[in-house]
Each structure stands twice: as C-alpha cells, then as structure tokens.
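Please look over the sequence and the structure before reading on.

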Amino acid sequence: WSDEMEVIPLSRRGRIYSATDVFVGQSSMRQYVPLIVGYVDLPEGVRIFAQLDGEIGSFRCDDEVELTTGPVRNNATGEPIFSYKFKKIEQLEPPE
C-alpha cells in the first residue's frame, strides 16, 4: 500500500523454489493437463508463480530455469491464451 515504488527490470532466469505436477484442471485448461506449476525465485528477491514448461516429474527445487512463453489455457471461444512460463536450463555435462 505504499506510494514509494519503483519499476525495476527483472531477470529472465531464476531457481525453482517449489513445483508440483497437476493432473486435473478446469475446463479451459483440459487440453494442457497434465501440467506443471511452481514458484520461481528471481535474483531480485521476487518469487513468481508460473506454469513450468517441461516433462512431468522433471522439476526439482533449486533447478535453474529461464523465461519462455506458451499457451496456458483457452479462452471462452477455445482459442489459446499465451502467457509467461519458465523452462529448465539444461546443464552441460562436465568433461571427463
């Protein structure tokens, strides 16, 4: 409720705080179920709730993720609604 706010740019990368797989969704989301949702911690100290783009069961706490976009549900006429999501950043295997 403060009047003292400022706009700051947010990072496109963060870390998973918590994630869960969802197997039942409302009617506008049925074609996207199962889906993954979670909280992503950004370096600026902001925690964001978002859908996660990836395979069911593949997200773990502290995984590094980056911003992406994609369909999250359908509108009343059945057209997809696009929004922000996060996807896992694949780590390269260290050389042997």
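How many bridges join β2 to strand β3, and in which sense do the two run? Six bridges link β2 to β3 (residues 47-53), and the two strands run antiparallel.

The model is a predicted one, in which local features need pLDDT of at least 70 and side-chain atom pairs count only at pLDDT 80 or more, whereas totals for chains, interfaces and linings use all residues. Residues are numbered from 1 along each chain as its sequence is written, and side-chain values use heavy atoms, with hydrogens and water left out.

The chain holds five strands and zero helices, where strands (E, at least two residues) and helices (H or I, at least four) are DSSP runs numbered from the N terminus. Of its 96 residues, 27% are buried, that is, under 20% relative accessible area with a 1.4 Å probe, protein chains only. Strand β2 (residues 35-41) is mostly covered, with five of its seven residues buried.

Strand β2 also pairs with β1 (residues 13-22) in the antiparallel sense, pairing being defined by at least two DSSP bridges between two strands. The table sets out both pairings of β2.

| Strand pair | Bridges | Sense |
|---|---|---|
| β1 and β2 | seven bridges | antiparallel |
| β2 and β3 | six bridges | antiparallel |

Within these pairings, Ser18 stands opposite Tyr39 of β2, while Gly38 has Ala50 in β3 as its bridge partner. Five residues lie between β2 and β3, which form a hairpin, and Gly45 in the turn has a positive phi of about 90 degrees.

Technical notes. Buried means under 20% relative accessible area, exposed over 50%, partly exposed in between (1.4 Å probe, protein chains only).
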